[in-house]
2 protein chains.
Amino acid sequence: MNRNDHDASDRGPFPDEPEDTRTAIMKATFEALCEHGYADLTIQRIGEKFPKSKSLLYHHYDGKDALLVDFLGYLLERFEDRELSRAGETDPETRLRSFVEHAVPEPGAERNTEFLKALVELRAQAAHDEAYREQFTRTQARFRTYLAGVVADGVEAGVFRDVDPQSVAAFLVTLVGGAMFDRATTDSTAEMAAVRAELDRYVERCLLAED
Amino acid sequence: MNRNDHDASDRGPFPDEPEDTRTAIMKATFEALCEHGYADLTIQRIGEKFPKSKSLLYHHYDGKDALLVDFLGYLLERFEDRELSRAGETDPETRLRSFVEHAVPEPGAERNTEFLKALVELRAQAAHDEAYREQFTRTQARFRTYLAGVVADGVEAGVFRDVDPQSVAAFLVTLVGGAMFDRATTDSTAEMAAVRAELDRYVERCLLAED
């Protein structure tokens with residue numbers, strides 16, 4: 001399995017030359033995760049991607065799992081910054097479709113599979129590690145809150161049906177997690193097209209207001 | 001995390017005293033997985049659950065992963081036996097609901113979380129291990145084929161709308177995987193009730209024929 005075949009343009013939410021130490025650590029973690037995956041990752045290997053003194057890594061973190069849990073929190077903060085800055089800019093239907101399209105891409109639009117695989121490996125740690133579990137419980141909750149807000153906006157604007165925003169959000173966040181799981185752990189490109197087709201039908205029939 | 005708190009009545013698809021060696025090995029693997037999870041599992045620990053000569057385990061399998069991939073194949077065979085014996089017995093709507101209810105249980109109906117966690121850990125191995133990946137690709141494909149058959153039966157009988165069985169099956173199998181992922185890796189009991197509510201609305205509005 002080649003962990004280096006991701007598109008070089010997929011650098012995640014990172015500047016080329018991060019100014020502050022935390023961003024530099026997070027960027028190094030992202031790059032090392034994409035290259036080595038979870039099981040083969042070490043603080044040492046993250047250090048190889050880190051332009052400053054390696055001792056900073058050991059100073060800030062007790063071990064690779066503490067660093068990775070912090071990394072997951074960082075990703076969530078970036079998601080929130082991004083969505084907050086976009087809120088109000090675009091209509092609810094576009095925001096909803098953009099959220100799900102990222103997780104269930106059209107065939108051919110598949111990007112950075114290595115990072116996706118690493119994320120699924122990290123999430124599996126939450127089956128037996130409380131710190132990961134708390135972090136993913138928080139992440140999934142924030143995704144639901146975000147999406148419920150989008151749906152509530154759509155209902156209020158009359159572009160969505162009079163649905164329950166919490167239920168729709170929970171349903172879609174779970175579906176999106178399932179799609180990530182499938183993409184990371186099975187050969188499923190054709191199947192994702194079928195999931196996408198039915199997801200579009202669900203949006204039409206169960207969400208969008210009738211003309 | 002206590003891995004021993006699953007309901008003792010949840011023995012999986014196993015007789016109390018398996019007659020043949022393979023079933024006995026599979027039962028021991030199931031019990032050891034529930035008790036130790038994936039990361040702490042060893043052939044030695046599976047052997048502790050195995051009433052016959054431990055050397056049989058080493059004779060049949062190269063290592064714990066070879067045994068676990070075979071175990072996943074065994075689970076799939078049992079699923080197929082069970083569904084095949086039930087096919088025709090019950091109507092398509094009941095078969096469809098029973099498939100999804102298993103993965104998105106009503107609050108309080110949650111069972112054997114330790115086995116679910118172990119399954120998610122096994123599936124995460126497929127992110128970097130080709131043998132697991134092939135097995136889960138096969139498992140997910142069979143689930144889709146099974147469910148597409150149920151949907152096609154329902155369409156033919158006129159109890160479902162004129163939907164595309166492949167797309168509906170792919171959508172539901174992905175949702176079910178997402179629900180397992182959530183249940184194993186987050187504290188999400190209340191959220192599963194919301195997922196279930198919207199799933200029921202999807203079945204009503206997008207699947208069942210109008211009266």
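1. A residue is termed buried when its relative accessible area is under 20%. The model under discussion is a predicted one. By that cut-off F99(A) is buried, because its relative accessible area is 11%. Y146(A), with a relative accessible area of 14%, is likewise buried.

2. F99(A) and Y146(A) form a tilted aromatic pair, with 6.0 Å from centre to centre and 35° between the planes. F99(A) belongs to helix α5 (residues 92-103) of chain A and Y146(A) to helix α7 (residues 130-157) of chain A, so the pair ties together parts that lie 47 residues apart in sequence.

3. In chain B, F79(B) and F143(B) form an edge-to-face aromatic pair, at 4.8 Å centre to centre and with 70° between the planes. Helix α4 (residues 64-86) of chain B holds F79(B) and helix α7 (residues 130-157) of chain B holds F143(B), so this pair ties together parts 64 residues apart in sequence. F79(B) is buried, its relative accessible area being 10%.

4. Over all chains, the structure holds 25 aromatic pairs. In chain A, ring pairs also link F14(A), F30(A), F71(A), Y74(A) and F115(A) into a cluster.

5. The secondary structure of chain A consists of 9 helices and 0 strands. The radius of gyration of this chain is 18 Å, close to the 17 Å that the globule rule gives for 211 residues, so chain A is as compact as a globular protein of that length. Its C-alpha trace spans about 60 × 35 × 35 Å along the principal axes.

6. Of the 211 residues in chain A, 53% are buried. Among contacts in chain A between residues at least 6 apart in sequence, 71% join residues at least 24 apart. Chain A exposes about 9,500 Å², of which carbon and sulfur atoms supply 47%.

7. In α6(B), 12 of the 13 residues are buried, so the helix is largely enclosed by the rest of the structure. Among the buried residues are F115(B), L119(B) and R123(B).

8. The same surface serves both copies, as 100% of the contact residues of chain B recur in chain A.

How values were computed:
Residues numbered from 1 in each chain as written. Chains lettered and ligands numbered in written order. Predicted model: local features only at pLDDT ≥ 70, side-chain atom pairs only at ≥ 80, totals over all residues. Heavy atoms only, no water. Contact = heavy atoms within 4.5 Å. Buried < 20%, exposed > 50% of the residue type's maximum accessible area, 1.4 Å probe, protein only. Helix = DSSP H or I, 4+ residues; strand = E, 2+ residues; numbered from the N terminus. Rg over C-alpha atoms; globule rule 2.2 N^0.38 Å. Areas by Shrake-Rupley, 256 points an atom, 1.4 Å probe, with all protein chains shown as cover. Phe/Tyr/Trp six-rings, centres within 6.5 Å; stacked < 30°, edge-to-face > 60°.
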